[in-house]
Amino acid sequence: MENILEIDRLTKRFTDWEHFSPKSKTILDRISLEVKPGEIFGFLGPNGAGKTTTIKALMGIIRPSSGTARIMGHDILEKSQEVKKRIGFLPENPYFYDYLTVGEFIRFCAALFGITGKKAKAKTDELLELVGMTRAAGLPLRKCSKGMLQRTGIAQSLVNDPEFLVWDEPVSGLDPLGRKEVKDLMLELKKQGKTIFFSSHILPDAEALCDRVGIIVGGRMHRVGTLPELLKDSVSWVEVVAQNLPEGFALNDAKVEKVAGQLIIRLEGPDALDPALKKIMQAGGSIVSVSPQRENLESYFTRQVRTAKEAGQ
Amino acid sequence: MRRILTIAVNTFRESVRDRILYGLIVFALIVLPGSRLVISLSVGQEIRILKDFGFGAIALFGLLIAVVSGTAMLFKEMDKRTIYVLVAKPVKRWELLVGKYFGLMATLLLAFLIMGATLVLTLALMGGKPDGLFFLTIAGLFGQLTVITAVAMLFSTLASPALSAVFTFCVYIAGTSADQLRLFADRMPGDLLKIAAKAVSYVIPNLQNFNFRTESIYNLPVDHAKLWLMLAYAVFYVAFTLTVASIILERKDLK
Amino acid sequence: MKYRARNIIITLLCLAVLAVGFIAVQLSFDQRYLSSEKSVRELLYFPSPKIVKLLSAGNELMMADYLWLRMIQYYAFHMRSDQNYEYLYPITDNLTDLDPKFLYPYTFGSLLLAHDAGDTINPLKLLDKAKRNNPDRWEFPYMKGFILYIFLKRGDEAVDEFVQASRLPNAWAGALRYAAFISKKQGHLQTSKMMWQQLYDTSPTQKEKDIAQTYLDKIRLEEEMDRLQLLAEKYRRQAGRWPENLEELISAGLTGPITLDTFGGKYYWDREKSRVRNTTRDEHLRKFGK
């Protein structure tokens, strides 16, 4: 099956006319990645890395300087109407026509897809229920909170029951409950066979949701791959929590920290586990817990970004 | 086609809910009866003066609405980023433009109906009778605005609303004298200037084509052919202008 | 890429068609409706000067200037086409209402009305208004006298006007002179000639000079005819008969060569009526019957 999204050396240059001397800034530098059908792909990067710019280019809001991208096989420059009928887009910090109510806006979006009348009303109700905005249907968008706008945004991106979703910061502005709801929704949509490409700052969420991720830093793609692939180089250690150990208990090659009457021992590498356990038992201590730890995406990410920045990006 | 209609309806809704429009209409409603005050300063010819004044007021307010809304329309979409949502929908940019144009024309139509009715009422109270020519004149004023609105939208794809508004007003003023320019063109020194002057006089909208004020005041006969020509002119000119605007919009980066 | 090239071509074609469309319609408009006429009606449409004064808040003079330009354009257009000047007076009237002290429209307008349009009433109305609004200017009674005398042949009234003019500050001395000549009822031709010559010498525009020149040429023509007639009578006294043709006058030594008149016409002898005739004059008689 072909990739839902293929980006090939997408570049965007922008001329900065400050101080009367035009300077060419490269915002995106040969970005490449693919999104396979049915997967959730996380597009991650620090602020200003170019996530939103990339998405804008994909959606035809701005024109790329060079490189190509294909959505469902169609070049984005074609701006194919067929493709647009099968995708849903949620922009970052969405703004809507503030003179419309939530319901009117969703119906407007539906009308653009040719869904009108009773069908439109049914669809609107269904979507509003899905995002928990049923009671707010008659509220003017002008009066909605950020969270409500975000939910409305999600709803409008689903109006046409699209196969492919492009969401820029989908959980921004939502409280923890809201975030959970969205995450659950994303998993549900994936179960329905949809493909989701989203950008985010919130890495733990990405870790939980994504099949594959792409990290972009300073306009360049840094790493692309599945989480296991990315994290296989990452550091892993074992954390042992023990108590009733005598004062001054120490282990070689291990960090020992005393917290509330317990000792938290960090062993570098799983091989050190058995000898350490033996030593603890011999010292008369009791094991509270043993947890193998892996560097999580967040710290991996931070490390990667730092490395990239040091490499002068 | 349906998409254009959807956008047009939406635009109409936007204008109607926009407070500026109300402000202008209310103002017009005050001014039109206020013309009675002006009339009291003249001796004789009250009906003519009322018509004079009334047509002028309608033309002016119509122009204000057309220019203010027309130039702000696209800018608002882009400035407020509301256009992002539309971009991923199967709506072409030209459909957006055309939809907004028709939505705005619908709004103007409403404004004209209100102002026209007010004038008719005022006229009737003074013992005057609005005849066919009267309505034709108002229709002509509306015709001018179909063309000017298109020009306003064209400028709005290129410049900020304030600048576009200024340009559009200038075009309106130039447009009322376009035929004069054509006559003067022959007197220009040098062939290049002659050709340039003639070219400009064709490119700017010839608003006199829509002007029936003189016929109305002096009760002169109206040639039917003129009406058809007027319609044809509006259609061609508006189509041309909106096409150019669409092309510009298509190639624009929407920040 | 081919898709895009095709698109571009189609779009350009559409634009071209539409442009041709509205330009063609415009041309059709122009053909049908003499723009000048339209624009003149526009002029007429001008709301009454009172309203304009009210609304222009001090810009009436500019409006008057604008109307002045339009008036000239109107005159020029009709002079070259149909010589129909029916709106000339209303425009000038309107214009001078807006700016009663704008002097030139009064004099130029009244001259054009009298000469080109053959109007016998409105030039006088215009000049009366001029006098009312500008009682200190000698030019207006002078012009009125001029028109009364030259075009309307109302000598007595003309004298009154000239006398009036001569009493106003800075009046040209000739005004009184004319009053004198006319009241003495000297040869109509001589006075007229003097007045046209003065106009020719003092007028600032070529247009007025041309008019004056035309009249001077006409007068010269009449003078020449009179001169030749006198010579013909002299010939008759000497030879006992009328000459067969004007060449006999030359061979009899009574006159030098007889040239064509300034309009290109010939002088000739009418044997039937025993009078000197002229082709230009004949032409004129045929056209205007006088």
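Author: Two strands are said to pair here if DSSP finds at least two bridges between them, and with that in mind the sheets of this predicted model can be followed strand by strand. One open sheet of chain A consists of four strands in the order β12-β13-β11-β14, and their pairing is antiparallel. Because β12 (254-259) and β14 (286-294) of chain A stand at the edges with a single partner strand each, one side of each is left without a neighbour in the sheet. Within this sheet, neighbouring strands are turned by 20° against each other on average, direction ignored. The partner of β14(A) is β11 (residues 236-243) of chain A, to which eight antiparallel bridges join it, and one of the residue pairs is A:V240 with A:V290 in β14(A).

Another open sheet of chain A has six strands, ordered β6-β7-β8-β3-β9-β10, and here the pairing is mixed. Its edge strands are β6 (87-90) and β10 (220-226) of chain A, each of which pairs on one side only, while the twist averages 15° from one strand to the next. Between β9 (residues 212-217) of chain A and β10(A) there are six bridges, and these two strands run antiparallel; A:V213 has A:G225 in β10(A) as its bridge partner.

Helices lie across strands of the six-stranded sheet as well. Helix α1 (residues 51-59) of chain A lies across β3 (40-44), β6, β7 (164-168), β8 (195-200) and β9 of chain A, and runs at about 140° to β7(A). Helix α10 (residues 297-310) of chain A, in turn, lies across β3, β9 and β10 of chain A, running at about 35° to β9(A).

Notes. Residues are numbered from 1 along each chain as its sequence is written. Chains are lettered from A and ligands numbered from 1 in the order in which they are written. This is a predicted model: local features need pLDDT of at least 70, side-chain atom pairs count only at pLDDT 80 or more; totals for chains, interfaces and linings use all residues. Axes are lines fitted to C-alpha atoms, for helices over the stretch in contact, and angles run from 0 to 180 degrees between N-to-C directions. Two residues are in contact if their C-beta atoms, placed from the backbone, lie within 7 Å.
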